Amino acid sequence: MTLAALDGISQELGEGSGLLLLTATGDGESTIQSAVFDAAIFMGCSPHLARSIEIMRQRNVPMVAIEGQAFDGVLAVNIDNRHASAELAALVHTLGHRRLATVTLPLTSVRERAQLTDELVKTATTAVSLDRLLGARQVFANLGGIVAAGSSSDEGFAAGMELLSRPAEERPTAILAQSDLLAVGVIRAAEALALVVPRDVTVVGFDGARIEGFTDHDLTTVRQPATEKGRAAGSAVTALLAGETPGDVSLSSVLHVGSTSGPPAG
């Protein structure tokens with residue numbers, strides 16, 4: 001989804017403009033402290049967003065944040081993460097599931113797989129992960145699960161193995177994964193344990209990403225407007241550099257009901 005957003009940004013910036021990709025904690029010759037650029041676009045999934053914005057304020061650089069928490073002086077391009085996650089959870093609830101678990105994206109800068117605890121939620125610094133969790137908890141108030149170390153199928157597999165290896169009476173009948181890559185890993189874990197999706201376990205994702213080699217299932221997910229996010233950010237940057245004062249942008253996602261969700265067995 002990051003590539004789609006970058007494509008959208010480049011489409012709006014047009015000829016004569018370039019993109020410099022930096023990480024908030026990256027080492028090397030170019031860092032957010034030293035690199036030369038005219039404006040900054042932040043991806044809100046970074047737990048270091050607050051620190052990065054403070055650095056940009058010191059440099060007096062125009063800023064746009066995609067899916068980040070609100071900051072004064074930073075134009076926001078958001079999607080309806082919380083609402084869309086609640087809508088997805090409501091679908092699972094309507095199907096009859098009551099024993100659920102979630103596999104979240106990282107909630108903080110600590111990239112370690114861990115049990116989802118109240119303490120981790122209280123100290124969360126990643127807006128996307130927190131919003132998706134809170135949306136799901138609007139439907140399943142005590143939703144627990146595992147915080148992944150990153151958005152990858154390997155992380156989803158490891159979390160899925162932990163959740164689905166429990167005794168049948170304790171095993172979740174549905175798993176809400178916060179990204180499609182995590183959902184793919186959970187499905188592969190289910191298959192490794194001889195469980196059939198969705199007969200034995202419903203698995204849903206979030207993003208609407210195209211995943212190479214994943215052709216056996218039509219994933220139930222939320223399809224977010226990734227390219228449109230990039231275009232909105234690119235357009236905002238262009239306006240800011242021209243001395244204009246554009247407003248925040250809110251975009252909507254679309255629920256896609258595929259073949260990986262169904263009623264619980266029995």
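**A walk through the fold and its contacts**

The model is a predicted one, in which local features need pLDDT of at least 70 and side-chain atom pairs count only at pLDDT 80 or more, while totals for chains, interfaces and linings use all residues. Residues are numbered from 1 along each chain as its sequence is written, and side-chain values use heavy atoms, with hydrogens and water left out.

Glu54 has a partner, Arg57, and their side chains form a salt bridge with N to O at 3.8 Å. A salt bridge here is a side-chain nitrogen of Lys or Arg within 4 Å of a carboxyl oxygen of Asp or Glu, and by this rule there are six of them. Why do Glu54 and Arg57 lie about one helical turn apart? They do so because they are three residues apart in helix 2, residues 49-59. (Helices, H or I with at least four residues, and strands, E with at least two, are DSSP runs numbered from the N terminus.) Arg57 is partly exposed too, at 37% relative accessibility.

Now move on to Glu67 and Lys229, whose side chains meet in a salt bridge of 2.4 Å, N to O. Glu67 sits in the loop between strand 2 (63-66) and strand 3 (75-79), and Lys229 in helix 8 (residues 226-241), so this pair ties together parts that are 162 residues apart in sequence. Are Glu67 and Lys229 buried or exposed? Both of them are buried. A further bridge joins Asp131 to Arg82, with 3.0 Å between the closest N and O atoms. It links distant parts of the chain, 49 residues apart, since Asp131 is in helix 5 (residues 127-137) and Arg82 in helix 3 (residues 81-94). Asp131 is partly exposed at 25% relative accessibility, and Arg82 is partly exposed at 36%.

Among the buried ones are Val128, Arg132, Leu133 and Arg137. The cover over them includes helix 3, strand 4, helix 4 (118-122) and strand 7.

Helix 8, where Lys229 sits, also packs against helix 1 (residues 2-13), at an angle of about 35° and with the axes 6 Å apart. These axes are lines fitted to C-alpha atoms, for helices over the stretch in contact, and angles run from 0 to 180 degrees between N-to-C directions. Contact, meaning heavy atoms within 4.5 Å, involves residues including Ala4, Gly8 and Ile9 of helix 1, and Ala226, Gly230 and Val237 of helix 8.

What about the nonpolar interior? A nonpolar core is a set of buried Ala, Val, Leu, Ile, Met, Phe, Trp, Tyr and Cys residues joined through side-chain atoms within 4.5 Å. The largest one has 24 residues, and Val103, Leu164, Ile175, Val201 and Val203 have the most contacts inside it. At least two residues of this core come from each of strand 4 (100-104), helix 6 (153-164), strand 7 (174-177) and helix 7 (180-192). Helix 7 gives the largest share, six residues. Leaving aside neighbours within four places in sequence, Val103 is in contact with residues including Ile146, Ala159, Ile175 and Val186. Apart from this core lies another, of 15 residues, among them Leu88, Phe206, Val222 and Leu251.

Ala192 belongs to helix 7, and it is exposed at 52% relative accessibility. Beyond its neighbours within four places in sequence, Ala192 is in contact with Phe157 and Met161.

The loop between helix 7 and strand 8 (202-204) holds Pro198, and the peptide bond from Val197 to Pro198 is cis, with omega near 5°. Ala194 is found in the loop between helix 7 and strand 8 as well. Its phi is near 65°, a positive value in a residue other than glycine, and Ala194 is exposed at 63%. Asn60, in the loop between helix 2 and strand 2, also has a positive phi, near 60°, and counts as exposed at 69% relative accessibility.

Methods. Buried < 20%, exposed > 50% of the residue type's maximum accessible area, 1.4 Å probe, protein only.
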